[in-house]
Amino acid sequence: GTEFHPSLAPDGKSFVYASGNAGNLDLFLQRVGGKNPVNLTKDSLADDTEPVFSPDGEHIAFRSSREPRGIYVMEATGENVRRISDGGFHPSWSPDGQEIVFSEAGQDSPSVRVASALWIVNVGTGAKRLLTTLDAMQPSWSPGGKRIAFWFLPPSIGRRDIATISRHGGEPVVIT
């Protein structure tokens, strides 16, 4: 089957990824060098994708098409699954593990313009705030926590570029 969206645990000893080996897309945890993946979302009949470990390695955020759809968080063992956002794709944890940034749309390739925004959600409370509406996709939080990188289509240029933006919003800085 197809395996994709790998995320290495912070300690480097295991990784999580999405795979369609079980029929629908599930999330699997596997020890680095191991041969026995563990299906973390076997009870979900919907597609679960885009997993990413929290900075402390204790939790995994992911995109799910289960009802209701959205961004979910679970323990790294697959237990205590809970939805933290009513939509979103490509979650990325803040370095302190308190927030997750995600894109509103799920475009994987920069070949087509898709309307999207970036949102930040508080993992503990579920409070959500808009970061930018610049057709931004696939956000990634900086290690220092002050900026977020993403790709987007700047209106004045007409092609996809990579930019960063302050975690508090404002004008993006185009870097490509």
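Colleague: How many bridges join strand 7 to strand 8?
Modeller: 3 bridges join strand 7 (residues 70–75) to strand 8, and the two run antiparallel. Strands here are DSSP runs (E, at least two residues), numbered from the N terminus. Two strands pair if DSSP finds at least two bridges between them.

Colleague: What should I know about the model itself?
Modeller: This is a predicted model: local features need pLDDT of at least 70, side-chain atom pairs count only at pLDDT 80 or more, and totals for chains, interfaces and linings use all residues. Residues are numbered from 1 along each chain as its sequence is written, and side-chain values use heavy atoms, with hydrogens and water left out.

Colleague: Back to strand 8. Which residue there stands opposite tyrosine 72?
Modeller: Arginine 83.

Colleague: How many bridges join strand 11 to strand 12?
Modeller: 4 bridges, and strand 11 covers residues 118–122. Valine 121 has lysine 128 in strand 12 as its bridge partner.

Colleague: New topic. Where does isoleucine 162 lie?
Modeller: In strand 15 (residues 161–166).

Colleague: Why does isoleucine 162 count as partly exposed?
Modeller: Because its relative accessibility is 38%. Buried means under 20%, exposed over 50%, partly exposed in between (1.4 Å probe, protein chains only).
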